[in-house]
Amino acid sequence: MIPMPGESYRGALPPMTDAQRALREELKAHVTMLAGEIGPRNVSHPSRLHAARTYLETILLTMGYEVEQQVYDAHGVECANLIVERVGAAHADEIIIVGAHYDSCWVSPGADDNASAVAGVLALARRFADANPQRTVRFACFVNEEPPFFQGEGMGSLTYARRCRQRGENIAAMVCLEMIGCYHDEPGSQEYPLPGLGLFYPRRGDFIGFVGNLRSRGLVREVVGSFRRHARFPSEGAALPGWVPGISLSDHWSFWQNGYKAVMVTDTAMYRYQHYHATTDTPEKLDYERMARVVDGLAGVVRELANGGPQPRAH
């Protein structure tokens, strides 16, 4: 096991700040719109997929961003990745990407998977709307992460990551948010893809996880260390071989495939959340208070990555 810097927070969570309470309501509003009002959104429900795209674009425009739409056809449906950025003041060619997919699986409303993460990306984008980072920071809402496009042609993040590679862009780090809304305090509420991992990691699903492949181990360590400096919230990190089940199940995989280092931020999905890919993945199931604490900590992580904090070492 590759050791992580710092220590995971333990004990009672501190009282929420006013800013965190406001963030909680912001996140809840986005999830309620995407998973409650819009509902299942994918190429099998094209009008809802388009409604989600319109909602996200409108929110980003109100923040003052210019929204780039990477439009392409998938199964006869017009689909689009949405990208905004703040150009770096000193190192504009060094790019940090923070992204999440906004489609849901089949007929699932997709509250945790993945409205929770998209809400997090929107909240982080809002906090950087007037920033002047040293590196360029991009926020991306990807389409078509779910089947039938997962890890294949038509997957939004793969389409985007290929374009980044073709353009020769220097992606210093990609941070992928994937399901960040489910937390449990009960013993045995956390499972793992391999039995032995339970010997090293908690059996309570009360933490946020940071996961990468071995090539991204420097980035995983940097992100975990940064999160622990900025958040009083349980956190666990793992850099594992790419063949381990579960570690490649989101948009960070697309960046690995194109030679970039990337880390997934996750509540561990099916290893904790019983409503994964189900019609019962609805907004009231999520823990918005703990979501807010996680996103608040991630804001500190992105600031460090963007502004010359300790940088991931190449491997």
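Hi everyone, let's start in β4, where Val 137 is the bridge partner of Ile 96. Helices and strands here are DSSP runs numbered from the N terminus (helices H or I, at least four residues; strands E, at least two). From β3, the chain crosses through helix α3, residues 111-128, to β4, and this β-α-β crossover is right-handed. Right-handed means that, with the strands pointing away from the viewer, the path from the first strand over the helix to the second runs clockwise.

A quick word on the source: this is a predicted model, where local features need pLDDT of at least 70, side-chain atom pairs count only at pLDDT 80 or more, and totals for chains, interfaces and linings use all residues. Residues are numbered from 1 along each chain as its sequence is written, and side-chain values use heavy atoms, with hydrogens and water left out.

Back to β4. Strand β3 (residues 91-101) runs parallel to β4, and eight bridges join them. On β2 (residues 77-86), the strands run antiparallel with five bridges to β4, and there Arg 86 has Val 137 as its bridge partner. We call two strands paired if DSSP finds at least two bridges between them.

So is β4 buried or exposed? Eight of the eight residues in 135-142 are buried, so the strand is largely enclosed by the rest of the structure. Buried is under 20% relative accessible area, exposed is over 50%, and partly exposed lies in between (1.4 Å probe, protein chains only).

Now the core. The largest nonpolar core has 82 residues, and among those touching the most other members are Phe 139, Tyr 65 and Val 31. A nonpolar core is a set of buried Ala, Val, Leu, Ile, Met, Phe, Trp, Tyr and Cys residues joined through side-chain atoms within 4.5 Å. A second, separate core of 25 residues includes Ile 83 and Tyr 192.

Last stop, helix α7, residues 288-306. Its 19 residues should span 27 Å at 1.5 Å a residue, and the end C-alpha atoms are 26 Å apart, which agrees. That expected span is 1.5 Å times one less than the number of residues. The helix is mostly covered, with 16 of its 19 residues buried. At its start, a side-chain oxygen of Asp 287 comes to within 3.3 Å of the backbone nitrogen of Glu 289. Just after α7, Gly 308 has a positive phi of about 85°.

Conventions: A polar contact is a pair of N or O atoms within 3.5 Å; within protein, one must be able to donate a hydrogen and the other to accept it, and residues adjacent in sequence count only if both atoms are side-chain atoms.
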